[in-house]
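Here is a short briefing on one structure. Look through the sequence and the model first, then read the points by topic.

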Amino acid sequence: MKRALNIGKIVNTHGLKGEVKVYPYTNALERFEDLDHLYFDEEFKIKKRIESVRYFKNMIILKLEGYDKIEQVEKLRETPLYIDREAQGVDLDEEEYYVVDLIGLKVIDVKYGDIGVLVDVLQNTAQDLYQIKSLKGEMVLIPAVKAFIGEIDLVNGVMHTHLIDGLLP
């Protein structure tokens, strides 16, 4: 399992005083309030202290130490934000997973056999969608609901599914 957890991405500036707008990759937005710092890289070399957290619609507005002008944060667009799983991660409930742990799982269906590899998790308001790259190279979306998703075996890197006719191309 990866130690670095990608918890969001800077998507824009906010105001003129160095704040950034963050698209969160967590379903618990208040999680950002528990953090005193985060990282701009997976190797934890670029550490940034959080001065303030607030919310705007479904986005996080962060004020990071050392960034006080819009000109300083304009270059941060598209910057991924990471935390250290060991030091800053939270315990998940049963049947909850970090997205980073799901990416790359082999997807096997009880009826159709080997479908492909999970390449992304699209987070929607109704439910998440698992994006699978099929063996034919096509993208398949599977709703992340108990009706379709069986056992998720992180140790062996496999997700078992129970798909209905029509979900696969």
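Is Lys-9 buried, exposed or partly exposed? Lys-9 counts as partly exposed, at 23% relative accessibility. Here buried means under 20% relative accessible area, exposed over 50%, and partly exposed in between (1.4 Å probe, protein chains only).

This is a predicted model: local features need pLDDT of at least 70, side-chain atom pairs count only at pLDDT 80 or more, and totals for chains, interfaces and linings use all residues. Residues are numbered from 1 along each chain as its sequence is written, and side-chain values use heavy atoms, with hydrogens and water left out.

**Salt bridges**

- The whole structure holds 12 salt bridges. Each is a side-chain nitrogen of Lys or Arg within 4 Å of a carboxyl oxygen of Asp or Glu.
- One of them joins Glu-78 to Lys-9, with the closest N and O atoms 3.2 Å apart. This pair links distant parts of the chain, 69 residues apart: Glu-78 sits in the loop between α1 and β6, and Lys-9 in strand β1 (residues 4-14).
- Helices (H or I, at least four residues) and strands (E, at least two) are DSSP runs, numbered from the N terminus.
- Arg-54 bridges to Glu-19, with 2.7 Å between the closest N and O atoms. Arg-54 belongs to strand β4 and Glu-19 to strand β2 (residues 19-24), 35 residues apart.
- Arg-54 is partly exposed at 38%, whereas Glu-19 is buried at 14%.
- Lys-63 pairs with Glu-51, the closest N and O atoms being 3.5 Å apart. Lys-63 is in strand β5 and Glu-51 in strand β4, 12 residues apart.
- Lys-63 is buried, with a relative accessible area of 11%. Glu-51 is partly exposed at 40%.

**Positive phi angles**

- Glu-78 has a positive phi of about 75°, although it is not a glycine. Its loop runs between α1 (70-73) and β6 (80-84).
- Lys-57 is not a glycine either, and its phi is positive, near 55°. Lys-57 lies in the loop between β4 (47-56) and β5 (59-64).
- Lys-57 is exposed, with a relative accessible area of 72%.

**A hairpin**

- Strands β11 (residues 149-153) and β12 (residues 158-161) pair in the antiparallel sense over 3 bridges. Strands pair if DSSP finds at least two bridges between them.
- The bridge partner of Ile-152 is Met-159 in β12.
- The two strands form a hairpin with 4 residues between them, and Gly-157 in the turn has a positive phi of about 70°.

**Aromatic pairs**

- The structure holds 2 aromatic pairs. Rings of Phe, Tyr and Trp (its six-membered ring) pair if their centres lie within 6.5 Å; planes under 30 degrees apart count as stacked, over 60 as edge-to-face and the rest as tilted.
- Tyr-23 and Tyr-25 have ring centres 5.7 Å apart and planes at 70°, so this pair is edge-to-face. Tyr-23 is partly exposed at 34%, and Tyr-25 is partly exposed at 30%.
- Tyr-39 and Phe-44 are also edge-to-face, at 4.8 Å centre to centre and 65° between the planes. Tyr-39 is buried at 10%, whereas Phe-44 is partly exposed at 21%.
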